[in-house]
Amino acid sequence: HDPTVLTLPIFLRKSESETWLETMGFKQERDRNLIHSMKRGSIVAAKSFEFINYYANEHDCRSIVHCIEDSRDKLHSIILAKYKNNPQRVDHIVDEICRSNFPMTVGQLERFLMKYNGKPAMAQENVKELVDIKTTGITSEEKACFDILKAGISRTMVLLNNLGVHELTERLQEATAEAEGVIVRGAEEENRREQLRIEEEERLERERVEEEEKKIEEQRAKTSKQPSYSSSAKREEEKKATAGVGRKASTQAATLLASPKSAAHGHAHFEHAHIPHSGHEAKASLILRRDAVQMVIDWWNSTLLLQRRFRGFRERKKYRATRKKRVEAATRIQSSVRTHIFVKKFKNYLQKQYSSNIEQLWDDEKHLFYWYYKKTKEAVWEEPNVPYRPMIRDRFTQQLMQAWPNLDHAVVVEQEAPPGICMICKEEEATRICNQCEVWPGCNRVKWGNGYLHTCFVCFATFHSDTVEKRKHTFTVTKAIKARPLTCCVCEKLATRRCKGLVLPDDTKDKLQTVILSCLDIPLDGKKEYQIEEDEFVETVRVKLELDGYMSTERIKSLFVECRGKFKEKRKNAEIWKRFGEHLEAVHDECDENYCDECWQDTHRKGRRQKHEWVGFNAGCRICVECQIQPALKFCTTCEDDYCVDCAKDTHRHGKKHHHVFEDIKEELEPQQTHCMECENRAGTDQCGFCKKSFCNSCSKFSHPKQCAVRIKLQGGRDKESHEIQCVVCGKPPDTMCMQCGDVYCSVKWMGNPGCFKKTHMKGKKKEHKTVAYTFLADREKHEKEELERAKREQDEKLARLLAEKAAREEFERSMQAKAAARKYKLEVEAQKEFEEKHMHRMAAAAKKSLGRFLPSLLLGGGSSSSGVKRAKTLAKMRATLPDARSLNEQQPAGPLGGRSDERVKFVREENDAGQEAYSPPPVTNAPP
């Protein structure tokens, strides 16, 4: 119960305080004692508070005066039971009580009769103690209370109507109308009783007048039998009789009006009109308090109860889910630990079997196993208690064979790991050096690494997890691990796009939550919740959730079948919509991969993938060091690492990393290029045809068209062209738009058709709708023409500029070629001249040197014949060694430097550098010029 409502139990509990009773108006001690007695017998005490002469119910049309007058018989029977032998005094007491303006309770009358028990005369004298005791409010107070309740309910109805609670608003309106009707019916009943009272008074007056006239006639008849008098005396006597009769009738009428019976017929209305009493507003206030205010309180308490139950259900669901996750996590941890322990023990056992000197063998004669000790060369039939090399069955032939057959063959020497590769797995690059390991498997075969163990990250962790001593080893990083560039998931080329899947509108989740909450409403009539059908489900998804352009009807129907499941009769609508929400969340993960441009277009050409969106990036861009599947957009200045947006939030959410500073990673720009106006990270490669701003390829295709202010303005304030390019009625080009509806219409008219706008705005408040001119198609056509003219003008200017640049470039190339040819010819002439001069000088020097070598032979020769022969041979040899320089020059081919000029220049340079004393000319070839 609401503690603010003063019910009888709450009143009895608070009545224990005398101070509270005094503040409530119980000033007399006897009244407070009566209240205290209610705790001993609450039923009797509650009965004593009942009114004897009050309204029967809130629909009683009588006034309080009429209710008091109508209780005359009931009061008479109660009082007459106490004073049986005094009926006249009882009538007098009842008449006095009926003159009161306020009703009387049973307790008041019982206390009065108990006080004057057996004393009717004193009761008659002191009956004023029961008259005009204020047991109810007066009309002004009740009216003020009614006005306050009515104003509060009116304000409540306005608030409820704004909130959309129409059912409660209608009930409050009905209660208010019923309360006002009670006041109106009470006034009508008073007027009716007043009319009956007036008619009754007129009837009584007529009866009295007839009786008086009859008495006057009887008097005249008596006087006519007496002796006659004079005419003057007779007239005087008649006047006196007539005056006496009039006075007597007036006196009787006044007595009748003042008598109790006349009050019983309604005359008390004038007598008590100046005294305030309870009116019909009390009944109306009761109706508002009970049927309106209490109903609002009940609805409020019900709403709080529903919220409390729903929140409790949600918290319990979260708790159960958390508890389930914890149980699953504990089970997974236990399973992992037990698996690790088992694998470790099994590994040790297998290693012991592998290195054991005992082998299990099969005896074909006895068909039994026996065990052979290789060291002692003994065979036994009993199975040993230590691990041994067992026999197993071949997987294909199912024949018995010994385990690890490689032990029976020669050991294959493993190859040495190449330099820079992990020495354990021999596949990955070596990134770490162990500072303590000196001996490891295969260390004697490795000839590089300076005696240190070079491993990759995984092999280092695996190799050093066996013993406690190895876990304490430290390492030195030799090569930082870098993320590989993003590649296409189809062709493995460098990726330039990442698919975001089907991107739904931002308000889809809110609309779906509204649908789920509407399904959770409990039917007020107690009926069973109806099961949603397939057509209604499809209509809700297409209209309320506005997913018509994102999903086909066939896919929506298939999702409905999946969400409803096998138990379609037991599954509620809210659970169906929750499953549908889970399907919508899984839509984003349908195609979360990286692609190149060609593969993305090939894989997203048909089907549901055709509506996917993507975000672009440069090939070989910087990669997030955390997930290594997305391009990096943030750079941490403290960590000096690259992150994507999600990983930056996840890794820097707690601790001191929360205060790290990030910088945006932006693409490098080419000359005359700006960054994208939307994402501000990528280079702006595309220009919007409406606002003329630069955007990247992904923003220009997906996000900017929905936000371009110029485009939306040209489209009449909308972002969907399919609704503005044709009339909503006939489909023709529109030229008028309704300001209230927002729809567009054409102005085509013919016989019997006043126009599409007037045809749909003939009834209701649609007649008052106004129209404005719709010029979107004309503006768009004009804009397209201007864009075409501008593009053509820019193309012509660009073509002319390219032709001018090409001509200038050709002219410049010709001039540069001419200058190069002239400079080359000049250099060749100078080189030829310099070469000839040096060649002649060196030829002369060589001839002098050779001549000096032959002179001793010529000078020392005698006159004998042998000496003459010797001198002739010496001269011939000298001629052969020193050919004529002119003949050598004649044998050189034509040209600036002759044949093999490059070899001669090279020979001269080498001879000058080496400082050779002797010089021999290079061989001459007949090379073409």
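Buried means under 20% relative accessible area, exposed over 50%, and partly exposed in between, with a 1.4 Å probe and protein chains only. The model is predicted: local features need pLDDT of at least 70, side-chain atom pairs count only at pLDDT 80 or more, and totals for chains, interfaces and linings use all residues. Residues are numbered from 1 along each chain as its sequence is written, and side-chain values use heavy atoms, with hydrogens and water left out.

**View A. The hairpin of β1 and β2, with H367 between the strands.** Helices (H or I, at least four residues) and strands (E, at least two) are DSSP runs, numbered from the N terminus. Two strands pair if DSSP finds at least two bridges between them. β1 and β2 run antiparallel and are joined by six bridges; D363 stands opposite L368 in β2. Four residues lie between the strands of this hairpin. H367 is in the loop between β1 (358-363) and β2 (368-373). The phi of H367 is near 55 degrees, a positive value in a residue other than glycine. H367 is exposed, with a relative accessible area of 53%. Five of the six residues of β1 are buried, so β1 is largely enclosed by the rest of the structure.

**View B. The open sheet of three strands, in the order β10-β9-β11.** Pairing in this sheet is antiparallel. β10 (594-595) and β11 (613-616) stand at the edges, each with a single partner strand, so one side of each has no neighbour in the sheet. Strand β9 (residues 497-501) pairs with β11 over four bridges in the antiparallel sense. R498 stands opposite V615 in β11.

**View C. The loop that holds E680, between β14 (662-664) and β15 (686-687).** E680 has a positive phi near 65 degrees, in a residue other than glycine. E680 is partly exposed, with a relative accessible area of 48%.

**View D. Packing of helix α10 (residues 139-163) with helix α14 (residues 281-354).** The helices pack at an angle of about 30 degrees, with their axes 9 Å apart. Axes are lines fitted to C-alpha atoms, for helices over the stretch in contact, and angles run from 0 to 180 degrees between N-to-C directions. α10 and α14 are therefore roughly parallel to each other, a term for angles under 35 degrees. Contact means heavy atoms within 4.5 Å. Among the residues that meet across the pair are F146, L149 and I153 in α10 and L288, V293 and V296 in α14.

Notes. Parallel < 35°, antiparallel > 145°, perpendicular 65-115°, else oblique.
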